[in-house]
Amino acid sequence: MDGAPRLLLVMQAPDASPGRCRRLLRQRGHQLEYCYPQAGQPLPAGLDGYAGAVVFGGPMSANDDGALPGIRAQLDWIPQALASGRPFLGICLGAQLLARALGATVKPHPQGLAEIGYFGVRPTPAGHAVFDAPLQVYHWHREGFELPAGAELLASGERFPHQAYRYGANAVGLQFHPEVNQRILEAWLVEGAAELTAPGAQSAAEQRDRHARDDAALDRWFDGFLNGWLSADANRR
């Protein structure tokens, strides 16, 4: 892998997995480097030397910067990452952190609903180049983000209206979890079993059934999405 383009993966927990992200990015020849800011590991200054960065989700809130130094560190670092012009992808909490760093609000659903399981997203007119059709995607969150000023909404949902957005040419936020494979799904269903009683959450049985039905299409979409996302870096070199 010497000389391979490096991608920074920002993880929220030591045992977190990038799931299908790891497989698809390594298939493209990228060298993956991991950073764990919640454990006190410092983030790099900007993204010099990297082909891009992915900030993954976690059980904490994007509003926990007063209690969690790792959240504060990411909010402070994201503007530096964006200034580099390198591709930036925020997944779930990562998308919420990106939104907050851009001045937008992150807050719970007004009726207290969670989005846990498979729910549909549909492309906006601006998002048809990214989503060629409505898609069933995997969620695990109780909070959503307002659309940051200057951002372009790419996909919307019924329960949480802002599901995907682009900021500038290189940054994308996804409220859902395209990285979740069957191994992660099974782990979350065990570790997060108490969350399945949240209003609006799908049962474990329904999530397994939906995974069997919808995951192949999600995998194909994410494979194509990564081509477009990574091309933002290729085009600037």
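Helix H4 spans residues 182–191, and its buried residues are Ile184, Leu185 and Leu189; buried denotes under 20% relative accessible area, exposed over 50% and partly exposed the range in between, with a 1.4 Å probe and protein chains only. Viewed down the axis of H4, the buried residues fall within an arc of 135°, so they line one face of the helix. The arc is taken over the directions from the helix axis to the C-beta atoms. Arg183, Val190 and Glu191 are exposed, on the face of H4 turned away from the buried side. An α-helix has 3.6 residues a turn, so residues three or four places apart point the same way. Helices (H or I, at least four residues) and strands (E, at least two) are DSSP runs numbered from the N terminus.

The model is predicted: local features require pLDDT of at least 70 and side-chain atom pairs count only at pLDDT 80 or more, whereas totals for chains, interfaces and linings use all residues. Residues are numbered from 1 along each chain as its sequence is written, and side-chain values use heavy atoms, with hydrogens and water left out.

Helix H2 (residues 69–83) and helix H3 (residues 93–101) have axes that come within 9 Å and cross at roughly 70°. Axes are lines fitted to C-alpha atoms, for helices over the stretch in contact, and angles run from 0 to 180 degrees between N-to-C directions. H2 and H3 are therefore roughly perpendicular to each other; angles of 65 to 115 degrees count as roughly perpendicular, under 35 as roughly parallel, over 145 as roughly antiparallel and the rest as oblique. On the H2 side, Ile71, Gln74, Leu75, Ile78, Pro79 and Leu82 meet Leu93, Leu97, Leu98, Arg100 and Ala101 of H3, where contact means heavy atoms within 4.5 Å. The residues of the contact of H2 with H3 comprise nine nonpolar, one polar and one charged. In this division Ala, Val, Leu, Ile, Met, Phe, Trp, Tyr, Cys and Pro count as nonpolar, Asp, Glu, Lys and Arg as charged, and the others, Gly among them, as polar.

H3 is mostly covered, with seven of its nine residues buried, namely Leu93, Gly94, Ala95, Gln96, Leu97, Leu98 and Ala99. Cys92 is located in the loop between strand S4 (88–91) and H3. Cys92 has a positive phi of about 55° although it is not a glycine, and at 5% relative accessibility Cys92 counts as buried. H3 is followed by Gly103, which has a positive phi near 95°.

His141, in strand S7 (residues 135–141), has 5% relative accessibility and counts as buried. The side chains of His141 and Glu115 are joined by a polar contact of 2.6 Å. A polar contact is a pair of N or O atoms within 3.5 Å; within protein, one must be able to donate a hydrogen and the other to accept it, and residues adjacent in sequence count only if both atoms are side-chain atoms. The His141 side chain also reaches the backbone oxygen of Glu143 at 2.7 Å. Not counting residues up to four places away in sequence, His141 touches Cys92, Ala114, Glu115, Ile116, Phe160 and Gln175.

Glu115 also has a polar contact of 3.2 Å, side chain to side chain, with Gln163. Gln163 lies in the loop between strand S9 (152–156) and strand S10 (164–167) and, at 0% relative accessibility, counts as buried. The side chains of Gln163 and His139 form a polar contact of 2.9 Å. Beyond four places in sequence, the contacts of Gln163 include Val121, Phe145, Leu153, Gly173 and Phe176.

Val10 belongs to strand S1 (residues 6–10) and counts as buried at 0% relative accessibility. Leaving aside neighbours within four places in sequence, Val10 is in contact with Cys35, Pro37, Leu43, Val54, Val55, Phe56, Gln74 and Trp77. Val10 and Gly90 are separated by 80 residues in sequence and by 9.5 Å in space, C-alpha to C-alpha.

In helix H5 (residues 204–234), Arg210 counts as buried at 12% relative accessibility. Arg210 touches Tyr118, Gln136, Gln202 and Asp215, not counting residues up to four places away in sequence. With neighbours within four places in sequence left aside, Asp214 is in contact with Tyr118 and Gln136.
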